[in-house]
Amino acid sequence: MDKLVRAISTDGYVQAVAVSTRDLTERARQIHKTLPVATAALGRALAAASMMGNALKGDGASVTLQIKGGGPLGTVLAVSDNEGNVRGTVDNPAVDLPLRPDGKLDVGAAVGTEGTLTVVRDLNMKEPYVGSVGLLGGEIAEDLAAYFVESEQIPTACGLGVLVDRDQSVLAAGGYLIQLMPGAGEDVITKVEGGVMAAGSVTGLLRKNDDPEAILREVLSDFELEILETSPIEYRCYCSRERMERALISLGPDQLQSLIEEQGSAELSCQFCDNVQTFTREQLQGLLDNMKKKE
């Protein structure tokens, strides 16, 4: 069961969140038929989006992470609701790259480093908040930490990891986000940095114990932690036949007419999940007739 745990240090200087996301990353792999390096990139983005989305209070709020690095994967996209449920997609799921010299999946090369990480926070106001930073290494965690420092002036440590099994399924996935609160001194920074270094890689932590609380307690072992929230998270898509109908209507009467003439019917598939909806000639004609009535 995937879950998210949010905590704060009892001195109030450090807030932290961690997720275990094996099941939702495996679901994404099955939907998009990703090869290992794409699974790792998308899985990291999903974990990051989940932690950021859950920080938003307000129903219907969402966070979108868009990573465009110029690498062979193309755009990596992850969207989270305000509970931390996520969905995502990658342009080229079948990218296959040789492993790095240390034997790890080369996510940085697959994502690329010539581009941007863009964060869109939609709080249901008139305009969403959009922030963007240039990519450092395309490994996603360090790029996200840079985003928080540059765009929001919040000193941040981020770790993300996806471990892919020999049969290409997801063995473990998750991550943590640690942020310093105003007033945190050099001693706090040193303790956080030391804890992150000592804890090692996220995949190592997940293999040992994939409970997000255990991850936070290990990385922040020098701090007393108060657990604020523990909640289940999942791969959740919000697509529906109604939404797809609206997409067809948004084509306008002329394009819809030519679609009917050229193809007769339409089969729409959701970019985030495996939902496919078929619209027959009669159904398309019905949509068109309705549009004409309203004109």
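Here is a short chat about a predicted model, its charged pairs and a few of its residues.

Colleague: Before we start, what pLDDT do local features need here?
Modeller: This is a predicted model, so side-chain atom pairs count only at pLDDT 80 or more, totals for chains, interfaces and linings use all residues, and local features need pLDDT of at least 70. Residues are numbered from 1 along each chain as its sequence is written, and side-chain values use heavy atoms, leaving out hydrogens and water. The pLDDT asked for is at least 70.

Colleague: How many salt bridges does a search of the whole structure find?
Modeller: A salt bridge here is a side-chain nitrogen of Lys or Arg within 4 Å of a carboxyl oxygen of Asp or Glu. Searching the whole structure with that rule gives 14.

Colleague: Is Arg-44 buried or exposed?
Modeller: Buried means under 20% relative accessible area, exposed means over 50%, and partly exposed is in between (1.4 Å probe, protein chains only). Arg-44 has 12% relative accessibility, so Arg-44 counts as buried.

Colleague: Which residue in strand β4 pairs with Arg-236?
Modeller: Arg-236 is partly exposed at 28%, and Arg-236 has a salt bridge with Glu-234 at 2.9 Å, N to O. Arg-236 lies in the loop between β10 (225–232) and α8 (241–249), so the pair ties together parts 155 residues apart in sequence, and the partner in strand β4 (residues 75–81) is Asp-81.

Colleague: Of Asp-81 and Glu-234, which one is buried?
Modeller: Glu-234 counts as partly exposed, at 37% relative accessibility. The other has a relative accessible area of 7%, so the buried one is Asp-81.

Colleague: Which helix holds Thr-39?
Modeller: Thr-39 is buried, with a relative accessible area of 2%. Contact means heavy atoms within 4.5 Å, and, not counting residues up to four places away in sequence, Thr-39 touches Thr-25, Arg-29, Thr-34, Val-162, Val-164 and Val-170. The helix, covering residues 36–54, is α2.

Colleague: What is the phi of Ile-140?
Modeller: Ile-140 sits in the loop between β7 (129–134) and α4 (141–152), and Ile-140 is buried at 2% relative accessibility. Its phi is positive although the residue is not glycine, with a value near 80°.

Colleague: And what is the phi of Gln-168?
Modeller: Gln-168 is in the loop between β8 (156–164) and β9 (170–180). Gln-168 is partly exposed, with a relative accessible area of 29%. Again the residue is not a glycine, yet phi is positive, at about 75°.

Colleague: Last one: where is Glu-186 placed?
Modeller: Glu-186 counts as exposed, at 61% relative accessibility. Its place, within residues 186–199, is helix α5.

Notes
Helices (H or I, at least four residues) and strands (E, at least two) are DSSP runs, numbered from the N terminus.
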